[in-house]
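Please read the following report alongside the sequence and the coordinates. It moves from the whole chain to single residues.

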Amino acid sequence: MSLPSLADTSALIRQRRSIKPVDMDAARPVETVLLTELIENATWAPNHGMTEPWKFHVFSGSSRQRLADGLSTLYQQTTPASEFREDKLQKMGSNPLLAPVIIACVMERSGGGKIPEMEEIEAVSCAMQNLMLSATAAGLGSFWSSPPVLDTAEFQNWLGIRSQDRCLGLLYLGWPKPGFTWPRSARQPVAGKITWHHD
Ligand SMILES: Cc1cc2nc3c(=O)[nH]c(=O)nc-3n(C[C@H](O)[C@H](O)[C@H](O)COP(=O)(O)O)c2cc1C
């Protein structure tokens, strides 16, 4: 079996960046075959008990307007007055139209709750990372958005998921606009993140 080199894998992992919807080309579609491959890669994530606790709701075309309207209405309905922000409301209504594809990633409970909820969330998070890394390899920008409205009963109802399931994020996907410069980032030195236990 031939595996990708560690050097290639390190480069892919380190080059993945959050690319904002405003930097995506809304007019350039992402082919269904490619999207399906990215989502299939997501499903190869580790998961405890092989519950495969993920579901993907893909919004493209005119369903993005429905998503924008849903998010805006539910943000207004569910946000306490003290936390309400006009700029956030504007973003809910515009972001889904800036990207050609938005994937609502859902953790779906199963098996009578034998696996702790935290582990099912962890598995779906791994799946989302698989999806973003695959998107990066394809040259697509990706952006994980997690507005608190996703965790409301109203949004669960809107999306058609059960109360025990959770939408962990909206993954925005799109080709970067022509002329876009892929951003750079940095991380803290790894030495400060490791405790070696040798003996
Ligand atoms: C669980 C999770 C939720 C996130 N939610 C948001 C979000 O709501 N808004 C946002 O701007 N970025 C969000 N991000 C993206 C982070 O801001 C981003 O990963 C971070 O700034 C590091 O940048 P990089 O992804 O380019 O390495 C989220 C990331 C994770 C892992």
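The text below describes the fold, the surface, the aromatic rings and a few individual residues.

This is a predicted model, in which local features need pLDDT of at least 70 and side-chain atom pairs count only at pLDDT 80 or more, whereas totals for chains, interfaces and linings use all residues. Residues are numbered from 1 along each chain as its sequence is written, and side-chain values use heavy atoms, with hydrogens and water left out.

**Overall fold**

The protein chain contains 6 helices and 4 strands, where helices (H or I, at least four residues) and strands (E, at least two) are DSSP runs numbered from the N terminus. Their order along the sequence is α-α-β-α-α-β-α-β-α-β. The C-alpha trace spans about 55 × 50 × 35 Å along its principal axes. If contact means heavy atoms within 4.5 Å, then 82% of the contacts between residues at least 6 apart in sequence join residues at least 24 apart.

**Surface and charge**

Of the 199 residues in the protein chain, 39% are buried, with buried meaning under 20% relative accessible area, exposed over 50%, and partly exposed in between (1.4 Å probe, protein chains only). The accessible surface, from the Shrake-Rupley method with a 1.4 Å probe, comes to about 11,800 Å², and carbon and sulfur atoms account for 54% of this area. Counting Lys and Arg as positive and Asp and Glu as negative, without His and the chain ends, the protein chain carries 19 positive and 20 negative side chains, and the centres of the two sets are 6 Å apart.

**Aromatic rings**

There are 5 aromatic pairs in the structure; rings of Phe, Tyr and Trp (its six-membered ring) pair if their centres lie within 6.5 Å, and planes under 30 degrees apart count as stacked, over 60 as edge-to-face and the rest as tilted. The pair of Phe180 and Trp182 is edge-to-face, because the ring centres are 6.5 Å apart and the planes stand at 75 degrees. One aromatic cluster is formed by Phe59, Phe155 and Trp158.

**Individual residues**

The table lists the relative accessibility of several residues.

| Residue | Relative accessibility | Class |
|---|---|---|
| Ser72 | 13% | buried |
| Phe180 | 25% | partly exposed |
| Trp182 | 28% | partly exposed |
| Glu52 | 39% | partly exposed |
| Met50 | 58% | exposed |
| Pro148 | 71% | exposed |

Ser72 belongs to helix H3 (residues 63-78) and, leaving aside residues up to four places away in sequence, touches Leu89, Met92 and Gly93. Pro148, by contrast, sits in the loop between strand S3 (141-145) and helix H6 (153-159). The C-alpha atom of Pro148 is separated by 16 Å from that of Ile161, 13 residues apart along the chain.

Most residues other than glycine have a negative phi. Met50, which is not a glycine, has a positive phi of about 50 degrees and is placed in the loop between helix H2 (32-42) and strand S1 (54-60). Glu52 lies in the loop between H2 and S1, and its phi is near 45 degrees, again a positive value.

Terms used: Charge placed at Lys NZ, Arg CZ, Asp CG, Glu CD.
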